[in-house]
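Subject: Structure for you to look at

Hello,

I am passing on the structure we spoke about. Please open it first; my notes on what was found come after it.

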Amino acid sequence: MVSAMETAVNPSVRSAVRKYFKNIYQLFYSILEGMAVTFSYLFRRPITIQYPYKLDKPMDEIIPDRFRGILGVDLRYCIACRLCQTTCPIACIAIDLERNPETKERFITRFDIDISKCMFCGLCVEVCSTGTLHHSKIFDGTSRHVENLVLEFVNTPVRPFIKPKSIEDIPVDRSGAITRNKLKDFFDLPKFRLTDEA
Amino acid sequence: MKAFADKLFLNIFHIQAADSPYLALWYVLMMFLVSFILLNFAALFAGIASYVERRIAARMQNRIGPNLVGPQGILQWLADGLKMFLKEDLVPQTADKFIFRLAPYFVFAGLFGAFVALPFGYGIVAADLNVGIYYILAITSLVVVGIISGGWSSNSKWALFGALRSAAQIISYEIPTGLSLMLVVMLAGSLSTQSIIESQGGWPWEWFVFHSPFTLAGFFIFFISSLAEGNRVPFDLPEAESELVSGFNTEYSGLRFLIYPMAEWANLWVVGAMVTLTYLGGWQIPGVRLETIPSSVLLFLISITIFFIKTLAVVFIVIQLRWTLPRVRVDQMTLICWTYLVPIALICLIGTMIWMLAFPWKSVFGTAIRILMSTVGGSVMIWCMLRARHNYVIDKDRFEKLKGIPAWYPPWKLP
Amino acid sequence: MKNPAKVNEAIRHLKPQAAPFEEEMSLNFGPQHPSTHGVLNFLVVTDGEVMHQALPNIGYLHRGIEKLAEMTPYSGFMPYTDRVDYLAAMFANQVFAMAVESLAEIEVPKRAEYLRVIVCELNRIASHFIATGALALDLGAVTPFVQWLREREFINDIMEALCGARLTYNYMRIGGVSVDMPGDLPDKILRFLDHFEPIIDEYNRLISNNEIFVKRLADVAVISPIDAVNFGLVGPNLRASGIGIDLRKTLGYSVYPDFDFEVPLGKGFRGALGDAYDRYMVRILEMTQSCRIIRQALEKIPGGEYRANVKKKLKVEENEVYSRVESARGEMGVYLISDGTDRPYRLKIKTGSFTAMSIVEKASQGLMVADLIALIGSLDVVAPEVDR
Amino acid sequence: MKPAEVYKLLIDRFGEDLILAYVETRNPYIKINNGYVQAICTFLRYNPSTKFAFLSSISGVDYPQRNEIDIVYHLFSPFLNTLCVLKTSTPRDLPELESLESVWKVANWFEREIYDLLGVRFTGHSNLKRILLPDDWEGHPLRKDYKEKNSYHDMETMRPDPLKVLREKNEKSGKSQ
């Protein structure tokens, strides 16, 4: 209102008249320019992809390699150093070690990650020296129950990884697809529910 | 309409309708049939317009738009409507329940009533009222009653804001609308929609819009104020979703809510048709005299097509404006009306009067001016297209380099 | 409202000096409202379209990040800083890293500094996309916002290729950055800049020069330079009022002195100095400058280490520091007190949105309801940054 | 002008009773008497040789051992390009300080925040109310001895940790042996 009043009460009538028509001209000109822009977009390609219905290439190829998805664990290489557990700022990783009283052998009896709490910061992956813990390319971790989002990676106790003699003994097979299949099981099977207990 | 009913009666029963004892019954039957057709046309248009608008908007925003329901999402509007049907009809506890329930009917009646006097082609009009324009102006004013009562009765402050804005808006913009229609009425010498079209011609320089500089201004005034009356951007103040949440229809849900957007999209046709019939030559076919149209079915169909094309072009521009422009503020809205539209409309009214006397329609100078002005209008359109091309070309190669795919994607090609 | 006494009672705790009006209506603007950016609440005191005042009511997104910092080791706090301002997470990363580096006397490698500048400037552009686009969206123009979202998507893709996340980057580390950039990234960024620079021009034609848009913003919610200083406005909001303080220039932190760029100032582009349009336009102009900085940085970036050697369990001697960066929303400061342990004794995050929010109470007086959203939008307030 | 020079200027102007100490840290700070904050800040702001126009932030730090709360003012002068850090202490049991609202308007919200999170009362503040937390919140979270209540208005403030619940469940079923 103020601006309009100021333009109306201009000392010089002539400049007021000029401004009046300049306003009209500018309005039309700028609208035409704007419409030219929107019109030109009718001939440009839509940028969106129709996830998940139509994809040019599989999602794994679209997502860059460094993508920080849901954590995956390759237990074959876990040396049970617990660095990830201590590094995690929100304590969403739980690792249990148990020693067989007879053979004195250590076993990883638990490697759980609470994905509902995880904030995908990647600090645990950074400290993992063997590459056990890694980010998969999975990002849609929806589940009906928040309890299902606890990923349990140990079903039967596992022996910690012992460093092989040469580096060639470690096969490089940590591809996204394997992790994906692995994690899929965890999402599909309802592991436990808080409601069941009540 | 009456003549058509009589003729149809003659063709079916082979007796003059006036002779038949069932004349009144026949007329009532025909009335129901016509209103059925009109209502369905309006509702279908509103539905399809909603889909088309969303697709166009999507393309302007580098998106695809609704494309899942049916082939290319063409049934999206049906799905939306169905969803609205199935929603619970909530009435706020503190609302004035009677008026709250009644309000959508006003909107409905106000907009769909306008279709009665709108022509669709040569001789195709539900009722060729001799006060057609006046009737349309009057009945569309009913919409504001629905909006105000709906906003007020829902007992929500946001809805009240919307309703009061709407009142201010429609009251202001009735005046430039009426004044700018007066130019046309003056030129045509009639209030009937059909005879306004008949007094124009098929070629652009025979349209009223290029009759004189005054009518050109009048055309823009009419277009702008019909946008305002139809609550379209940049004048969608009553429902300004980023200011008033959803304005007057904030509290509505279900089928009652559906009426409001449906009326808004049906209004697109009313705006398009009104602009077309008053200023853009209606269904006139270039180079064909009026008397030859009824004799040929082909010409008859062409007249319908021309009217539809012109109307849809106007509708497209209205849609494009909506996705280009921001919204004006409420004081600017009234300011535009009272300092720009009304004075200019008055000047145009007087100017057209003088022009009509000075340069009659058939005079050489009048024709020359009309041709000149239509050329100017055409060049402005060409300039617009060139600007659009410039915008496209400026980013074409760079986009291609960035994404690795060509930027060209014609609008008729569907992803 | 029916009972004016009730209204006065309701607003009393928010503003005791507000004179009671007989015909006053109090309107809850938010927390669920399309144009409060995030979860904010304004109590709008009005008697029609013209407001008497809008009283901000914040705290809906308070997560106690400062308290969390006292329980988290230095290296583990970095992900939390992403959440301070999710639209420009890199700056919070940088300012925290700078604070700890300053305390622990860690030398950051040159390459890391350049990488930081590149990602920060990219992030600044991305943040200004949301600021300017959302302002246009609030004023009813939907298309510009979507256009900017498209451009922002390219930046998100770049960031994703660089550090694996699109929004909460957690890219910087104490003593450098987490990863070096992949080999094809400079080319990607340059291709994006080539595409983006003409798009700014096109965007101006689409909306910035639009007369309706200008009329909606020009002369609206004018903040005078005196007010701007008094209310502690920072960043683009301050510069829009004509005060040329840009910490990149004044402090010259990181490697910013190496680059040649200008600091756009508001000069009343289409109205009074310090109006909403100036705040909008300053952001648009800043994008161009950010592009310039990125181009120079990509040219000059040295090789070498990207991360200094820092102990995993970092312990810092008793000391304190206040480090500041020029975030997309202005000065972002971290006041850090260490006490010899591996976690901060006290960490205070000072953000630009917090002070920008406090001016709403004053600047909104006498505006219209529709102008309030222009004011909020032009101040570029991000709710989580206000509340932390 | 370096912080040390600012300290010298202040000492000359106010004397040792008001300006207590100059402490070298990363950002050296000047310890001032808690009763004269407003006077000192007004001086710093309007003195033509300093012109600390900007109040960058106000922070509060709780020291339970000393039984004190420190309030830290960060002033910035673009003319000198200097950051001046003023620090003052107030007793923890009855923390009270002068409000700086009359010097910088922005102090209003900063002080409200400190009142909210640390419980320091600012005299002369126009509107000293909680700003971030609800009005009926108990306690001041940034104090070191703050304990969060288990529930607020019958809403739980904690959710069960799924990892713990899982462990208990596994132990019950004897899976982890």
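To begin with the contact between two of the chains: chain A puts in 20 residues and chain D puts in 14 residues. Please keep in mind that this is a predicted model.

The size of an interface is often given as the accessible area lost when the parts come together. For chain A and chain D, about 1,400 Å² is buried between them, and carbon and sulfur atoms give 52% of that area. On the chain A side, four elements each supply at least two of the residues that touch chain D: strand S2 (93-99), strand S3 (106-114), strand S5 (150-152) and helix H7 (194-197). By type, the residues on this side of chain A are 9 nonpolar, 3 polar and 8 charged.

Now to chain A itself. Its secondary structure consists of 7 helices and 5 strands. Read from the N terminus, the order is α-α-α-β-α-β-β-α-β-β-α-α. Chain A has 198 residues, and 43% of them count as buried. Among contacts in chain A with a separation of 6 or more, 76% come from residues 24 or more positions apart.

Regards

Notes: Residues are numbered from 1 along each chain as its sequence is written. Chains are lettered from A and ligands numbered from 1 in the order in which they are written. This is a predicted model: local features need pLDDT of at least 70, side-chain atom pairs count only at pLDDT 80 or more; totals for chains, interfaces and linings use all residues. Side-chain values use heavy atoms; hydrogens and water are left out. Buried means under 20% relative accessible area, exposed over 50%, partly exposed in between (1.4 Å probe, protein chains only). Contact means heavy atoms within 4.5 Å. Buried area is the accessible area (1.4 Å probe) that two parts lose on being put together, summed over both. Ala, Val, Leu, Ile, Met, Phe, Trp, Tyr, Cys and Pro count as nonpolar, Asp, Glu, Lys and Arg as charged, and the others, Gly among them, as polar.
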